[in-house]
Amino acid sequence: MKFSRFRLPKIHFVLVTFVLSLFLFSRGIVANGADKISDSDPKQLVFVIQEPNQTRGRIHFYELIDGEWVENLPSFLVSIGQTGMISSSLKQEGDGKTPTGDYPVLRVFGYDENPTLGFPYHRITKDDYWVDDVKSKYYNLHIKHKSKSKSIHPLLRADGFYRLMIVIEYNTVNPEKGRGSMIFIHPWEDLTKPTFGCIGVPFEKLKEMVFWLKFEKNPRIFISENKSEDNVTP
């Protein structure tokens, strides 16, 4: 399996390479050559690796190009949940944690005209809402009307909070009530502050990320804890 290192500190390169190898192996994806990859296999992978014992992480972008996994965007820091990360099997509504696991990247939302290159995009209007009421039949669903749910969030906000966002498809298919909702990658400028469970990314970086994504490459995002405290010199 081939990897290309893109200005990546040694500890992150080793960790991401290991996680990437494990991810591909677990799905029977052999990346020795492009001819070994099926049309349904992911050819773009996004990794969010938690900084040890912090509410920040580092995000990495890999793409399969000519049979080689290339990190073709620089990695950068992001904010994660205020109480860190937790296994997706243990995630609960309101716990302030970012769920670990791997998820398909399927939907991008935003306020402006489509900033992507052919990626499915929903332009947000005043009729767009997301529900996190655990008793609602619309729990963790995007809806196009204001329901009677006790906790419902308009996506069109005066502060532009959701002006560009990627849906992390955690608990979005037949949502299990109480298992967590509204997990997005969204704008977040102050990386000294944690989120409530989402992944917070500086807006300009988020625009670059969205522009990089290609729907036909079946991108996936992998979110992982990093509990290592080893100090490895690059």
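Reader: Where does asparagine 218 lie?
Author: In the loop between α2 and β16. Helices (H or I, at least four residues) and strands (E, at least two) are DSSP runs, numbered from the N terminus. This is a predicted model, where local features need pLDDT of at least 70, side-chain atom pairs count only at pLDDT 80 or more, and totals for chains, interfaces and linings use all residues. Residues are numbered from 1 along each chain as its sequence is written, and side-chain values use heavy atoms, with hydrogens and water left out.

Reader: What about phi of asparagine 218?
Author: Phi is near 50 degrees, a positive value in a residue other than glycine. Asparagine 218 counts as partly exposed, at 27% relative accessibility. Buried means under 20% relative accessible area, exposed over 50%, partly exposed in between (1.4 Å probe, protein chains only).

Reader: And asparagine 140, buried or exposed?
Author: Buried, with a relative accessible area of 1%. Asparagine 140 is in the loop between β10 (129-131) and β11 (142-143). Its phi is positive too, about 55 degrees, although asparagine 140 is not a glycine.

Reader: Which sheet do β10 and β11 belong to?
Author: An open sheet of three strands, in the order β11-β10-β12, with antiparallel pairing. Two strands pair if DSSP finds at least two bridges between them. β11 and β12 (152-154) stand at the edges with a single partner strand each, so one side of each has no neighbour in the sheet.

Reader: How many bridges between β10 and β12?
Author: Three, in the antiparallel sense. Tryptophan 130 stands opposite histidine 153 in β12.

Reader: Switching to β2. How many of its residues are buried?
Author: Seven of the seven, so β2 is largely enclosed by the rest of the structure. Gln44, Val46, Val48 and Gln50 point one way, while Leu45, Phe47 and Ile49 point the other way. In a regular strand the side chains alternate between the two faces of the sheet.

Reader: What does β2 pair with?
Author: β3, antiparallel, over seven bridges. Isoleucine 49 stands opposite arginine 58 in β3. β2 also runs parallel to β16, joined by five bridges. There, leucine 45 stands opposite arginine 220.

Reader: What's in the hairpin of β2 and β3?
Author: Five residues between the strands. Asparagine 53 takes a positive phi near 55 degrees there.

Reader: Now the largest nonpolar core. Which members touch the most others?
Author: Ile166, Ile185, Ile199 and Ile221, out of 30 residues. A nonpolar core is a set of buried Ala, Val, Leu, Ile, Met, Phe, Trp, Tyr and Cys residues joined through side-chain atoms within 4.5 Å. Elements giving two or more residues to this core include β2 (44-50), β3 (56-65) and β16 (220-224). The largest share, five residues, comes from α2.

Reader: Last one. How much space lies in the largest pocket?
Author: About 340 Å³. On a 1 Å grid over the protein atoms alone, a pocket is an open set of points where a 1.4 Å probe fits, with protein on both sides within 12 Å along at least five of seven lines. Grid points are joined across faces, edges and corners, and the volume is the space filled by probe spheres set on the points.

Reader: Which lining residues are closest to its centre?
Author: Ser181, Met182, Phe196, Gly197 and Cys198, of the 23 residues that line the pocket. Lining residues have an atom within 4 Å of a point.
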